[in-house]
Amino acid sequence: MARRIVDAARAMGSLSVDPKTSDDPVPERALAWDEDLTTLAIEAASHLRYHDARHVLASPKLDAATLAAALDIKIPIRTIADPMAASADLDGPTLLLGGDEAWAVACLVEGPPGPVEQAGPPRSVAPRPRMVSALRALQESRRVPPAEEIPDSPMGAYVPQGTWVEDLPARLRLVAQRCRSCGRTLYPPRGACPACRDRAFDDVTLPHEAELYAATRIGRGGAPSEFALEQAQVGAYWVGVVAWPGQGVKVTARLADVGEDAPPIGAKLRPVVRRLFDQEGRTRYGLKFGPT
Ligand SMILES: [Zn+2]
């Protein structure tokens with residue numbers, strides 16, 4: 001038995017550049033504001049059965065801490081420039097994550113050490129692209145500066161890096177708490193149950209299907225400062241109250257992949273990992289909720 005690719009998925013940026021507006025300053029697909037190679041790699045990997053992987057190799061362009069938390073990978077993620085080449089030396093199921101420009105590939109390799117057999121192209125798991133002008137694509141890709149001065153040290157929802165990393169499973173994988181005394185489900189996790197003040201909890205993961213309870217569009221001046229740069233660049237955005245009626249949980253969150261109009265109240269939503277903003281020189285990722 002040779003070392004071979006068992007499955008591979010490719011996710012691409014969600015913007016497609018209208019050819020009428022472009023002589024090709026941007027690739028065929030471009031990243032939206034809240035996408036980057038890490039969010040695309042998470043999307044691609046979520047379509048593979050990788051939980052038995054004995055090794056995980058990722059390109060240095062990807063944020064390993066975010067990958068580990070979002071994909072619930074418990075073994076160390078090795079960062080290496082060419083994951084495919086490096087996987088030839090390894091034994092057993094191996095997850096490879098890499099990408100470039102506006103695409104990312106997740107690839108599952110199996111078998112004894114040796115050269116990896118060629119396979120067909122990875123299956124595409126990218127959503128239908130949103131057609132935009134070349135200028136819009138450059139703005140959303142953060143390649144042109146905004147037209148106005150934006151404070152460069154967002155403080156609106158300042159969370160120290162250490163606390164942020166500690167909370168990543170909750171932020172990226174919907175890990176909630178269930179109170180051992182009264183059974184109430186808390187999300188995001190808290191120090192004490194607001195109903196009974198108990199401090200003993202079990203971890204529970206909220207279902208992937210959520211529901212839109214309310215939505216509002218945040219226009220100019222209404223954004224917390226960590227989102228001010230994004231708003232100057234790409235305009236107003238949608239925030240929703242997202243509910244899990246069966247769990248008695250509601251949370252306020254950004255909506256993803258919506259245009260001028262939000263989904264109708266009651267619409268089914270799915271969580272997606274997206275880039276939120278940069279703080280202390282690091283990109284912070286979190287869950288947004290998009291149409292199913
Ligand atoms: Zn309680």
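Welcome to this structure, where 22 Å separate the centres of domain 1 and domain 2, taken over C-alpha atoms. This is a predicted model, in which local features need pLDDT of at least 70, side-chain atom pairs count only at pLDDT 80 or more, and totals for chains, interfaces and linings use all residues. Residues are numbered from 1 along each chain as its sequence is written.

**The two domains**

- Domain 1 covers 4–140 and domain 2 covers 161–173 + 206–291; such bounds come from an automatic or database domain assignment.
- Where the domains meet, 16 residues of domain 1 are in contact with 16 residues of domain 2 (in contact: C-beta atoms, placed from the backbone, lie within 7 Å).
- On the side of domain 1 that touches domain 2, H1, H2 and helix H4 (134–140) each supply at least two residues. Helices (H or I, at least four residues) and strands (E, at least two) are DSSP runs, numbered from the N terminus.
- H2 gives the largest share of that side, 4 residues.
- By type, the residues on that side of domain 1 are 5 nonpolar, 5 polar and 6 charged. Here Ala, Val, Leu, Ile, Met, Phe, Trp, Tyr, Cys and Pro count as nonpolar, Asp, Glu, Lys and Arg as charged, and the others, Gly among them, as polar.

**Helix H1**

- Helix H1 (residues 37–45) is largely enclosed by the rest of the structure, because 9 of its 9 residues are buried. A residue is buried if 20 or more other C-beta atoms lie within 10 Å of its own, exposed if 12 or fewer, and partly exposed in between, with C-beta atoms placed from the backbone.
- Among the buried residues of H1 are Leu-37, Ile-42 and Glu-43.
- What covers them includes strand E1 (4–12), helix H2 (64–71), strand E6 (94–100) and strand E7 (103–110), along with strand E16 (268–279) and strand E17 (282–291).
- H1 lies across E16 and E17, and runs at about 155 degrees to E16. Axes are lines fitted to C-alpha atoms, for helices over the stretch in contact, and angles run from 0 to 180 degrees between N-to-C directions.

**The sheet of 5 strands**

- In the order E15-E14-E13-E16-E17, 5 strands form an open sheet with antiparallel pairing; two strands pair if DSSP finds at least two bridges between them.
- Strand E15 (249–254) and E17 are at the edges with a single partner strand each, so one side of each has no neighbour in the sheet.
- From one strand to the next, the twist averages 25 degrees.
- Strand E14 (residues 237–244) is joined to E15 by 6 bridges in the antiparallel sense, and Trp-244 has Val-249 in E15 as its bridge partner.
- E13 and E14 are antiparallel and pair over 7 bridges, with Leu-212 partnered by Val-242 in E14.
- E13 and E16 also run antiparallel, joined by 2 bridges; Glu-211 stands opposite Lys-268 in E16.

**The sheet of 3 strands**

- Another open sheet, of 3 strands, has the order E11-E10-E12 and antiparallel pairing.
- Its edge strands, strand E11 (185–186) and strand E12 (201–205), each pair on one side only.
- Strand E10 (residues 175–179) and E11 are antiparallel over 2 bridges, and Gln-177 has Leu-186 in E11 as its bridge partner.

**A look at Ser-225**

- Ser-225 sits in the loop between strand E13 (210–218) and helix H7 (228–234).
- Ser-225 counts as partly exposed because it has 16 C-beta neighbours inside 10 Å.
- Tyr-158 and Ser-225 are 67 residues apart in sequence, and 9.8 Å apart in space, C-alpha to C-alpha.

How values were computed: Two residues are in contact if their C-beta atoms, placed from the backbone, lie within 7 Å.
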